[in-house]
Structures are given as C-alpha cells and as structure tokens.
Protein chains: 8
Amino acid sequence: MTEPTHRLDHDRTARVGMPEAVLCEGKQDRHLRAILDEVVARGAPMLLTRLPVEQVARMGLASLDGFVHDEESETATVHGGLPARPGLVAVVAAGTSDLRVATEVVQTLRFTGVRVEEHNDVGVAGVHRLLDRMDQIRAADVVVVVAGMDAALASVMGGLVASPVVAVPTSVGYGVAAGGTTALHAMLASCAQGVVVTNVDNGFGAACAAVRMLGVAATAAPRDAAEAAT
Amino acid sequence: MTEPTHRLDHDRTARVGMPEAVLCEGKQDRHLRAILDEVVARGAPMLLTRLPVEQVARMGLASLDGFVHDEESETATVHGGLPARPGLVAVVAAGTSDLRVATEVVQTLRFTGVRVEEHNDVGVAGVHRLLDRMDQIRAADVVVVVAGMDAALASVMGGLVASPVVAVPTSVGYGVAAGGTTALHAMLASCAQGVVVTNVDNGFGAACAAVRMLGVAATAAPRDAAEAAT
Amino acid sequence: MTEPTHRLDHDRTARVGMPEAVLCEGKQDRHLRAILDEVVARGAPMLLTRLPVEQVARMGLASLDGFVHDEESETATVHGGLPARPGLVAVVAAGTSDLRVATEVVQTLRFTGVRVEEHNDVGVAGVHRLLDRMDQIRAADVVVVVAGMDAALASVMGGLVASPVVAVPTSVGYGVAAGGTTALHAMLASCAQGVVVTNVDNGFGAACAAVRMLGVAATAAPRDAAEAAT
Amino acid sequence: MTEPTHRLDHDRTARVGMPEAVLCEGKQDRHLRAILDEVVARGAPMLLTRLPVEQVARMGLASLDGFVHDEESETATVHGGLPARPGLVAVVAAGTSDLRVATEVVQTLRFTGVRVEEHNDVGVAGVHRLLDRMDQIRAADVVVVVAGMDAALASVMGGLVASPVVAVPTSVGYGVAAGGTTALHAMLASCAQGVVVTNVDNGFGAACAAVRMLGVAATAAPRDAAEAAT
Amino acid sequence: MTEPTHRLDHDRTARVGMPEAVLCEGKQDRHLRAILDEVVARGAPMLLTRLPVEQVARMGLASLDGFVHDEESETATVHGGLPARPGLVAVVAAGTSDLRVATEVVQTLRFTGVRVEEHNDVGVAGVHRLLDRMDQIRAADVVVVVAGMDAALASVMGGLVASPVVAVPTSVGYGVAAGGTTALHAMLASCAQGVVVTNVDNGFGAACAAVRMLGVAATAAPRDAAEAAT
Amino acid sequence: MTEPTHRLDHDRTARVGMPEAVLCEGKQDRHLRAILDEVVARGAPMLLTRLPVEQVARMGLASLDGFVHDEESETATVHGGLPARPGLVAVVAAGTSDLRVATEVVQTLRFTGVRVEEHNDVGVAGVHRLLDRMDQIRAADVVVVVAGMDAALASVMGGLVASPVVAVPTSVGYGVAAGGTTALHAMLASCAQGVVVTNVDNGFGAACAAVRMLGVAATAAPRDAAEAAT
Amino acid sequence: MTEPTHRLDHDRTARVGMPEAVLCEGKQDRHLRAILDEVVARGAPMLLTRLPVEQVARMGLASLDGFVHDEESETATVHGGLPARPGLVAVVAAGTSDLRVATEVVQTLRFTGVRVEEHNDVGVAGVHRLLDRMDQIRAADVVVVVAGMDAALASVMGGLVASPVVAVPTSVGYGVAAGGTTALHAMLASCAQGVVVTNVDNGFGAACAAVRMLGVAATAAPRDAAEAAT
Amino acid sequence: MTEPTHRLDHDRTARVGMPEAVLCEGKQDRHLRAILDEVVARGAPMLLTRLPVEQVARMGLASLDGFVHDEESETATVHGGLPARPGLVAVVAAGTSDLRVATEVVQTLRFTGVRVEEHNDVGVAGVHRLLDRMDQIRAADVVVVVAGMDAALASVMGGLVASPVVAVPTSVGYGVAAGGTTALHAMLASCAQGVVVTNVDNGFGAACAAVRMLGVAATAAPRDAAEAAT
C-alpha cells in the first residue's frame, strides 16, 4: 500500500474545537487537489487559507461543488461553515495594507460561526480616529489587532480595553518593517499588560485563538459560579 | 515644580482589569524606593516583579509594611492581593529551569485572585509524563505553557486541549537556545492552531492575558445567549 | 590547456562510502550539461538533486540515456543506483509541505541501495497519529525526521526511539517559520538527547548520514565482538 | 615624538555648532585622564557623557577644578556650559527606566544653552496621560521622544505635533526588547510622517540634532523672507 | 453599512503640517483606485509614492484628471502641490543607484513647496568631489544625505555642516549591503554628532522631517527673540 | 500535596538507551540539591554536566557519596557509570580552547561505557597534523569533531572518513566567532556529505548521538543479513 | 543647469591605481546608457561588472563600439584593458557554482593587465585534489580563494601558503548557506593567520585588492633595500 | 601515553611566514602555562595576544624568563622578536577607544620585525585632520585602518591611497555599534575599491596580512621583471 501524502485530522474540531482547515501556501497543486477530493467526498465544511485568486483560476476550483472564494482574504470555504456560536470579536486593522490579514481573521471567524465587527485604517498616527471608535470596540468579547510597521496600535489598544487583545503583526512595509519582524517584536514588547501575539500574518491563528477564548464563557461561567458557592 | 520620575496609573485596574504592578528590573534603587513610598502611603495592593532576593536585602525591603517576597518567582506583594475571581488556570512548565518564570505566572495569578494548578517538568522528551496529566489540565479554563529550548510542549499542548493556550518562551538553555529566541519563534510557528505567545520570560504578561480571558466568561455568556435568542 | 569548470570526485564512494551526486541548484545549464556528458560517458550511476521538472524540460534531459526523474523529490538518477545494502531507515514527515524534502531523503537512500519506510503528515499537533505508528518506526535502524515550522516532531521522536534520529528542518511556513531557521534552531535545541541535525532542506545530507550510520553495523559488530572477547 | 592617544577637535563648535564633548564609555581611565588634563588646561567648557558615578569615584574626579557630575544622566561638565540660545525643546520619556537617557538629552541641551521641558512616564499604555500634556508639548520647537520596549510613543507623538520629532530608542526591557533593537526598528518603521531616529540610548546625539534644528530658525527665516520677496 | 477599506486623514496637514500622501506599495490596485476616486472628487493636492511606471500603465492612471508621474522617483501628484514655503534643502546622493530614493526626497519637497538643490554621485571614495561642493551645501537650511553600502557620506557630511543632517540609508548594493541594514546601522552609529536617520529607502520620510525642521524657523525665531528680550 | 520541582525520567535509559543525566547550568542550587538527594537515595549511576568547579565547592558536593568531578569537562558522576559497550569513538578537537567541550564528549561516552580516543589541537590551519593521524581516526566507528571559529575541520574530516561524523560547534573565539554561530552554520553548510551537527557546545548531545549510532551495530547487522538472504 | 545622474572619477586610476569600472547591478538602463555614452566618447578602457547577458541583449550593447562581454563572469570591457603589470595571481574556486564570482576576479585582473592562473572545483571535501596543486599555487604572488557554503578552503589555504590570501565568500548554497553570510563569517573567523576577506560575491573587489598588493613589489622593494643598507 | 592539550605548530613560520603566536583569550590558565613552559624550554621568540594585565598578575607571568608585557595592546612577547624586515606599515586609528586593537597591530608588526607608523584619533567626523596626514600615510607600503562605530574611515582611506588597505573593525561603541558588526559590515560594503577586512578586533590578523603583503615585494619584483623581459 502506498503511503498517502496527507492525513486530515477529522476529529480535531471535536478534540480542540478548532475549525477544519487547510493552509494552501507551500503545497503542490496535486497535493491540494487530493485533499479537496477527500473533503468533497466527505461533505463536511472546510476552510482553505492563503489561496490566491490566481491559484483558484489555475486549478479550476470555482467549478468545485460548494466552493466559495473570497478575494480580499484569499480564503475559501467548501460546504459552508459551522453553526453560530455566542460571542463578538472586534477586528481592528491599522492600515489598508493590513486588509489581507484582517479579513483572514474575519473570514475564519465567520466560518467558525462567530459574529465579527471590522474597524479599518485606524492607526495611531491619527489617534483620535481610534479613540472615536472605542465605545464600539469595548463592547466586543475579544479584540484582534492587525498591524504592520511599528504596530503601535497593539499597545494603545491594550491600554484601552479589558478584554483579551490578540495582536497579529503583518509583513507590510519596507526597510526594517519588511517581513513583519519589527511589528512582531514591538507587539511582544508591548508596554500594555497581557497582550498576546501570533506569528506574522497569521490571521487564521488569531481567529482560532479568539474561538478558544470565547469557549471560556461556556465552560468557566457555570462551573466557577458553582465553585464560588462552595 | 519638579517633574516626577514616575506616574502610577492608579485607574488601570478599573479601566482594563489588570493588576497594579511594577517591573523592578531596569529601575534604579532610588526610583523603586520612590514608587514603594507612594504605594505604602496609598495602602492599595501592588505586585512587584523581577525583584531578586539580593535587591530585597540590599534595599532592606523586608522591613517594609505589608511586604511579602517569593524567592522562586522573584516577585513580591505589598498589602496582599485582589479578591478571588472565578476560573482556573493550569500552569505547565517543561523543565526545572523554567520554574522562575512559571512561578511568576502563578504568583501573578494568585495576586489577582485566580485559582492555579501547577504541572512541573513535563517536557515532551518523555511525552507520556504529559499525557498522564491531560485529564487534569483539560479541566482548566486557560492553559499557560512555560518552556525554553525547543518549546515543543506548546505545540503538543495546543493539539490536546480546546481551551486558550498562552505560550511563554523562556531564556533557559545554551547555544541557539540562549536568550529564548528559539523557543519564542518555535511557539509562534506552532503547528497547533490558535496558540498565542508572550515575550520571552514574560510570566507576568501571560498571567495578565489569562485574567483578560477569564473575564470573557462574565461578559460573553449572558449577552450572547440573549443574542442567540433573536 | 583550459582549466575545466568541474572535477568529479570519482573515488569518493570508495573513500567515504557516499553516493556520487550532483547538486543542480546554483549551477548554470552549461555546467550541468558538461557534468552529465562526462557521467554518461563513464556509465556509472549518479544521483542529481534539486533538479526541478522545469529544468528537465528546458534542458531536454528526458532523452538522456539512462535518465530517470522523480517530480516529487526533484531528484534524478542516471544509470540506475547502487547495490542493495543491509538496514532499514524510517523517514517521518510532519506535514504535506515537507514532502519535497522527505522524498529527497527517500530517493537518495533508494539510489544508495537502502530500504526505506515512509510516514507522512504525522505532526505533533495530533500526537496520537504519531503514537499509533511508533511500533513500526521503532523497527527501523535509523529514523530521519523531516519537519518545518516549530519542528516539535524531532523532540517527541527523540524521546520515543533508541535508534539514531537525524532531524532535517524544512523551509516551509511563513513569518518566523519562513526559511527554516526556526525549525533548524528548535531541532538543535531539542530537549531530547542525541538528536543530530542537518542544514535546512538537506534531505540528501540526511540520507548520506544514515548511510554512514548503517555502515557502523558492518564495521563495529565483528571487531567489537572480538574486542569483547579479549 | 610620540603619537598622542587623542586629538580634541577644538574648532568643532565653530565649524558645526556642536558642543565639545567626550564619550567616556570604552575609554581607559588613563586616556580619559589625559583628555581631562588638556581640557582643564584650556579652560573651555566641556561635556562628558556615559560617566557613571563609580568611575567618578574611582578616578577621584570630584576634586577636579570646575567638575560637576549628574548621577541620573551619568554626564558631567567641566567649566560650566555654553551661552543661552533661543528655542525650547520638550523631552518626553515613556517610562521611569528611560530616565538615564532622557536626562542625558536634558543635560546636553542645558550644557549647550537650550531651554528644556521634561515630561516623564507618559507611555501610551495609558494614552490619556499623554493627551493631557499635549498643549504644553506642542509649544516646544523640537520634541525628543525617549522610549524603549515597543517605542509606540514615537508614532503617537508624530501624529500629534507639527514640530520636528527626534526619537531615541532605549535598551530597557527584556526578551525581544533587550538591547533596544525592537524600539529602534519600531521608531524607524513609524507610521507617523517625518519622525527621525538616533542610535539606541543616544541621548547626546538627539540633543545635538535638536541644536542643529534650532539653528534653522536663525538662518532660514530672514534669508527666506528676502527670497520670497524676489 | 459596510466598513470602508481606507480612511484618509484629511486634517493631517492642518494638524502636523505634513503633506497628504499615499504609499502605493503593498496596496491592492482596487484599494488604490478607491483612494484616488476620493482624492479626485475632493480636488485637493495629493502625493503618491512608490508608484512604479508599470503600475501607472496597468491601472491607466495617466488619463486621470490632474495626474502627473515622475519615473525617476516613482512618485506622482494629483492636482499639483502646496504653496511655496521658505527654506532651502540640499539633497546629496552618494551614487547613481541612490537616485530613486534621492529624487523621492526631491519630489516630496517640491510637492510641499520647498526649494531643493541636488548633488549627485559625490560618495566619499573620491572625497574631493564632495569637498568641492561644500560651499553650496553649507548654504542650505537642511541637508538630506542619501547613501547605501557603507553610507560613509553621512558621517563626513555631519562633520562639515552645522545645519540638520537627515540621513537616508538605501537598499542598493549586494552581500552585506543588500537590503540597506548596513547603511542604516552605519548612519545610526555615525561618529558625527547629531545626525538623524530614517528607515531604509524612506525618502518621503526624510522630506517630511525637513519640512518639520523648516517650520522651526517660523515658530522659533520670533518667540525666542521675544523671550531673549525678557 | 505540593507539586515537585523536578521529575527524573528513570526509564529513559530503558526506553531510548540514553544515559540518565542532569544539565546543571540554569538550575538553582536548591533544585540541583533536591535532584542529587533523590539520585543518592536511588543509588543508580548518574551524569552531571556543566557543573563548574566553583559550584562544586560552593555546594560542598565533594563530600557527597559516590561523587566524582572532572574539572576539564565540568562533568561529574554519581555512583560510577554504565557497563562497557562495544564500539570505539574518536573525539577530534581543533584547538586547545575546544577542550571543555571535547572532554564533555569523552566523559559522557566513558560514563556510558564506550571506548574513546582523543585527538587534540589538530585544526586545519596546519592540515598535515591532521593527515598524519587519519589512519588512527579511520579505525573508529564514529568520529566526533569539536571545533569553533570557522569549524573547517568538520568538512575536511567528512571528506576523509566513511564513518558517521558528528560535528560539535564551540563558542570559542571573538568577533563573528563569538557564541559559536559561525562554527554552527559552517558545519551545517559543510561541503562534505552526511556530516550531522549538534547545538553549540553540546558535547553531551554528540556523545548521546554516538551511543545511538553504536546501537545500530547490534540491531542492524543480524536482521539485515537475514533479509539480504530472502 | 541640470544636475547629472553620475560623475565618473576619471583620475581614480592615477590616484589609487584602481581600474575604471562600473557596477551595473542596481542601475537603471537609462543611467547605464548615459555612462556608456560618456565612456565611448572618451575612448578610455572601462570595465563593467554584474552585467548579465540578458541586459546586454535588452540594451543592444553588443553593437557598441569596442564592447566585449564575457558570459561566465557577467563582465564586459569597452576599449580593451590596461597595459600588462608584473605579478601572478592564483584564483582558486571551491566549486562549480563559484565560477561566476571566480571569473569576475579573473576578468578584472586581466583587464588590469595582471597574469592569472585558475584552479576550479578544488573544495576541501576532497582535500587531496587541493594538495596536488599546491606547488603551482605557491608560485603565485597573491592567492584569491573563492568559496561558498562553509568556505573551509580559505583556512586550509591560509595554512599552506606564505603569500597574501584574499578570501571571497560566495552566496551559493541553500539553508544557512544562502546569501553567503556563513561563508563570509567562516572566512573572517578563519583559524589561519592573516587571511583577509571581501564582501560576499565581490570578485571585483578581490581583484582590486590583489592589484594593490602587487603594487607593493614596485614600491617596497627598492626603498626597503636602501633602508636595509643604512 | 596521554594526549596533550596543545600542539605548537613550530614550522608555521617557515611554511607560511607567520609569527609564532598564542591567542590567550578562551584558554584556561593551566593550558596557557603548559604552552609557556614549552616555549620557554625551546627558547624561540613567541607572541601572546589578548593577555590582559590582570591575567599577567594572577598567573605571575612577570617573573617568567624573557617575558615583556604591553598594557595598551594586551600583548606580550617571550624571548624578543624576529629580525627586521623591509617595508613600512601605517596603522591609522579612528578614535581613542580603538587603541587596544590598533596597538595590537603595532606590537605584532614590531614583533615580526616590521617598521610601523601610528596615526591616532583621525576619524572622518573631522576629515581635515585626516587629509593633513595623507602625505605621510601615502608613504607606507601597507595601510591598516582600525575603526569602530560606522567605520567610515576605511572608505575614505581607500579612496586616497594606492597601497593595500586592511580594515580592522572594532567592537567599540553602543547600540547598533556594540560588538562591531556595524563596523565590520560597513567596511565590507565599502564604496572604495579593494579594501579588505579582518574579523572584529583582529589586530593580530591584520598585522599578519600586512606581513604576507610585504613578502610580495621580495618575491614578485625580480621574477616579474624577468618575465616582463621575455
């Protein structure tokens, strides 16, 4: 028997609550097609990330049954998404160039059944644009901050909200900003307390982290209440 | 009037729910003493981090009113801690050398009123030691993983629990492990979905992140339930 | 007399037991063709690595006498391979994106006459997939682990087998994972004892290392037995 | 004739308007003493930077004629300073740990005859502390921002004032912040327009840059007015 | 209502005196077009940077009302520029390869209404070429030095003029010079006092910094004169 | 019950054949003492690495039952070592400064029961010193090369022997050699085929790798012979 | 008058003895053409480096008067070269992939009038190939070593010859070797005494250095002889 | 027989013309003493580098027969030096902090019998100080430039002399200059042609390179003259 080139982890959703998803970047077309064949056969919803419109065209994926592609985020879904979950996530992007990653957060959350509010182009070089929106942002259960260059938005946000702040550095920018290491390090070194960080451009991961955090509501609340009663 | 050398942000706890705390490393003794004088005068609880036992002795802090120092974590508290909050955090350390940071997480959480369970020296080179403890760890609302060197524990853990996983890289180790960049990058590049990361050795920040996440339980659950009804 | 542009080291196999091989990447087409002309004239088996299918087509290599190309690994052989040698090597790949490198290990070993078993897509984010296969993997004389991103598979494997573990970092992934330095450093910093590492994406080198190790069986056993008798 | 170990550039002030100064760090005590002997003999004002109180004591400098040391900034002057110049510089420090560098800016400017206003511990994690002070800061001709860690203060400031903003990264902090490269890169990648940057911890250089900028007032205004008339 | 993909900061010029400008690199064509549509509708002057001639052709921008493109600097303006301001800036480029960035400085300054003098290909490997031009360069209010590779021109210049020196590292060169980090670090480590630095290739930022500095003339001179009178 | 600060992995030797060992560096004295107390109580042999003579004196370890310290390698054993195993390892050190690490290899192998031959100060700047010794070195089953600076010895050795070559970079040297990254990278990039590498200064790991390789002799030979017969 | 985009340094050859040369990489076609027009008009010999065959075709340079291109080295000359000079340089390349750079050394030296001997593909993984050629190499006045990857050839060579050794790292290789930093650092950290190094891939610079060194023969010999007589 | 801890390469001087020398840094006192015992017994001249005055005192070396220590350069000689050789080397240091390294060049050359002229504190921030000395410097056969920080002196010098320029980066400075990588990279990226570079702080190596270059005078001149005659 031939060793297969992939093994889908079908019980991941059950085990850790994460969406079933495939990172398309770095995979050969033939491997991606083999995965999609299996997914279509199973009929379960799946998310595809880092799938640019050129690859969709080259592989003729648009004709695939139940396939929907989003150009802005370079994500796609097969067979829709997961049932709605409670909770609201604010996705705040510092600049227009951060939109690819910010909408990857948004699309992943929507696939997972989570409600999202977007706030675009509110970088701190014009800090009043951000302050004007804080009432709305404070209403979210989790805040995802997407920013490149100096990523100063993460620190300012961390000082303005009490909810979890997940910071996603982006690779936009040139010179020392190119590649996103500056944004990554600035977010890790944030002077605001308890800001947590993902890999550069990892919008998908930030959305997964938010899903994990929203799960705390379901599990923590009742049991802790009970414990508080003892 | 002279410009002061510090400005305590007394309403931070109210605004963002974070503990009032001072990072002692990098501050001159004279500046730290000025801060402590103000804290003692106010009488509110405060946490001090990265305060080694030698500095406590040099500055004679043991005689300070309401001052309690913990040698393992190099933290101290003045005037006790905050009231108990609901929620349970598991703090999982890969090796004995990670204990300084792991107990900084523990002490910060305890100061903040959060219940903690510790799991020490369960690195993945003996993966069965970890698997034996997973039932206990899965019961926690948030899992904090503290690991240096290759930090492989974060990925393995991320694949085993559905709760939020906050990964804290430590600077233990030598060669490419020295300074913690390898652990940091490995955690950021984790193959497990939705693992979030703090700065190297930032146990305090991981605890603050957990506090933010536990807050989701209180806010998200009722409102989202209502929304789900519409 | 003109200085030639290459000098094949024809007695390398005799001297150090390594396969005669040419790394095609970085060489001009005209230099590669000069090498192949000499190889074909000599009639001895040779391995070519990092030779993508586009270059095979551009240079018209398919019509070359005794030339066989493998698209997955981007390797080719001229005039078959070496005679079978004793020993079994397990090649374990963490993800589908690691297959280019993993099959370079496999093809190099097969060219060298070594028997190989492949295990694909068994990364530690679903650690039970790996544990299910350990009985098979433990039966191998040498284990080659191929992994990118956080490369946590190397440490977990190193704690589960007694045989030599050769870890090959791959350059798959984005952000801090891009280029493979994170995987490389994580493998070097492995908390498992005695894991050894090759350059990023160096599947060929890992196979050569395995060949060297399998040679220990032939040389060490009898002489050591004799020594033990004295 | 013996080659001397130093050559003071006595006409630098005349040529480029910069203060005569000696960087003490990295110099042997015997070389520093030779320089001071020459300075005292000449009787002209000189600034010494990076001269910690321990070295002052070890070398017995306190007894030197006209020598005044400032512990906070680790600077000293010999024979007072330069005559007062027009212009006002605001020196804004993000945290208490940035004071060594911030006061180096202040002391250098005062030595040079420039009026200074200090604003300490106004980091962006509590952005309202900063906004409350903006009226005062906007009144300055040049703003020097001193910050370590994520250095987000530089971008926020750059979006709030029209005057030149000189950003000085500091080496305070741990993990990715250690050494100041994160602060340096974040300042260079600032999303605010026209923020300029000095080397890490180079408070002296920032002050010199401010002095150069204040000189524009004297030269630019009248001549440009004349030109505008043609 | 849909969240927009950009928010132009129309009062930035009023607030911080900086030109209204759009960095085109890193933006999708559809986002850039949306911005231009808004700009054209408003009718106010705007600067576009990092807009190569290929993109102008691909998007058909030449037919846009009031659009003027400069190939050398890869900048464009819509609706002309700002009114003339007092002051003169010398833009000094070390080599022919630095011209893209140097002319970005020039075009930004001209858009902003500032008078500019260019000095090209005057690197320090032939230091007399530079010395011959110093009289002209000393007449400028601000000097912008654009250099890649070892960027030694910044230090030499800093020792020859009393006006502000803004150093712009460029990414030209190969080996250790590639990407501009060597030039950046050499400029930051300059042995000349008070040289300030921008991000690699950030000609736009250097021009903005010069504009900030020229503003000191207008504000500082009169008030300081008045203060000097008290 | 209190969570312990360490968990010795007592069945590691059985599971993966590796020696029971403790890395002392990075551990607090109180933690190391707790481990030693447990070791002494069990009575089984244990190896301690990176234990400098100063720490032995400070903690009074010399009086510990069955404790033997080696100053050159900074290793110690408690309760002797493991039974003799077949096989011979050559440990080849490039320079005198590499001896700390080279003797760590030697002491670990001797503790594990493996026979060792040392070859010191045979760097390639005098390549004939090395060539004179090759007959002896070729007789070993595994060759461990220990070298810092440019680590050229690993490549030369890899081209001269057919046995496995384990390369250990050391942190000796200054400038670009400091910390051992240059040696590490040079060994990884070796032009010789099949050289494998450990972390910087990881003599212990290299010895463990050799032990794994020597185990191939016992397992591979008979079974493969049988397979060859089918 | 318009500021020109370049300034040829026509008296460089007279001043520092270096060939008149243009680095084509990084220059726009229009700038390169302007330079060539001036060169052709002057009629003096000039060397062009990093000029790939594609650019020659695109710009139609083959039809230029006196233009000769060399594909291997990507250099070209206009109007021949300089008169013959005394001295012999050996250019030793480790591998076939180093030929682009090695022949850049050769072509630059030939343009400058220096006699050259090439030795290709003599890397240290087969050290006897090198030792066989040492008599020839020792006869040269200067030895230029061109090597990528681990660059071990530089150290071995430095230990075998008394003449100046100029080491040129190349960017060939992958993983940690990519870009040439490993080769560069290994050469700088060479255990052989007095090996000097150029930038990565800087074959032109190595040739210029050799020309400088050959000049020592003309100047040093007679005068020193005279001095020895006093 | 015990393997010794060192092997002096006594015929190195004969083979490659380099001085017999020991790098003391990184060696244990016991190893250094063993080397010195052998040196004293042989009676031949030897140079010791990186031997600070504290180690001389701690080991009581002052009483060693024929031992002379130089505090400035931290070098020592045993049994004098080598006979005088023809040639003159100019050693040019940018700043007072570079003196440790510059005098290491000087002492090594003097030990080797070469005549030296020193030029101290002539950095390019005051370029006229350098230009005033060029007539003297041009008279040297080889120029060694020692500089830290931005190391701009190397490029300026390379444009002013025709003789070989050996550039030695130093680790002086702070921020991005700390450790000397900036100086190293700036020197490698020098815009002046044919400047060659050593490792950071490697004054000894620069002197050895100069010795190799001075040897060209003896060998190249007569033979080349003969060849020119054919």
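# Reading the interfaces and salt bridges of a predicted assembly

Modeller: Let's start at one interface: 18 residues of chain C are in contact with 19 residues of chain A, where contact means heavy atoms within 4.5 Å. This is a predicted model, in which local features need pLDDT of at least 70, side-chain atom pairs count only at pLDDT 80 or more, and totals for chains, interfaces and linings use all residues. Residues are numbered from 1 along each chain as its sequence is written, chains are lettered from A and ligands numbered from 1 in the order in which they are written, and side-chain values use heavy atoms, with hydrogens and water left out.

Biologist: How much area do chain C and chain A bury between them?

Modeller: The size of an interface is often given as the accessible area lost when the parts come together. Here buried area is the accessible area (1.4 Å probe) that two parts lose on being put together, summed over both. For chain C and chain A that is about 1,700 Å², with 47% on carbon and sulfur atoms.

Biologist: And how many salt bridges cross the interface of chain C and chain A?

Modeller: Side chains of opposite charge can pair when their charged atoms come close. The rule asks for a side-chain nitrogen of Lys or Arg within 4 Å of a carboxyl oxygen of Asp or Glu, and it finds three salt bridges across this interface. Glu72(C) and Arg30(A) form a salt bridge at 3.3 Å, N to O.

Biologist: What does the contact between chain F and chain C look like in residues and area?

Modeller: Chain F and chain C each bring 48 residues to it. The area buried there is about 3,600 Å², and carbon and sulfur atoms give 52% of that. Leu188(F), Gln193(F) and Arg212(F) supply 22% of the area that chain F buries against chain C, more than any other three residues. The count of salt bridges between chain F and chain C is zero.

Biologist: Is H8(F) mostly covered or mostly open, and which of its residues are buried?

Modeller: Helices are DSSP runs (H or I, at least four residues), as are strands (E, at least two), numbered from the N terminus. Buried means under 20% relative accessible area, exposed over 50%, and partly exposed in between (1.4 Å probe, protein chains only). H8(F) is mostly covered, with seven of its eight residues buried; among them are His185(F), Met187(F) and Leu188(F).

Biologist: Where do Glu3(C) and Arg133(G) lie?

Modeller: Their salt bridge has its closest N and O atoms 3.6 Å apart. Glu3(C) sits in the segment before helix H1 (12-16) of chain C and Arg133(G) in the loop between helix H5 (127-131) and helix H6 (134-138) of chain G, so the pair joins two chains. Both Glu3(C) and Arg133(G) are buried.

Biologist: How are Arg138(H) and Asp135(H) placed in their helix?

Modeller: An α-helix has 3.6 residues a turn, so residues three or four places apart point the same way. Arg138(H) and Asp135(H) are three residues apart in helix H6 (residues 134-138) of chain H, about one helical turn, and form a salt bridge at 3.8 Å, N to O. Arg138(H) is partly exposed, at 39% relative accessible area, whereas Asp135(H) is exposed, at 64%.

Biologist: Where in chain A does pLDDT stay under 50?

Modeller: Where pLDDT is low, the predicted coordinates should not be read in detail. pLDDT is the predictor's confidence in each residue, from 0 to 100, and it stays under 50 over residues 220-230 of chain A. Chain A averages a pLDDT of 90, with 93% of the residues scoring at least 70.
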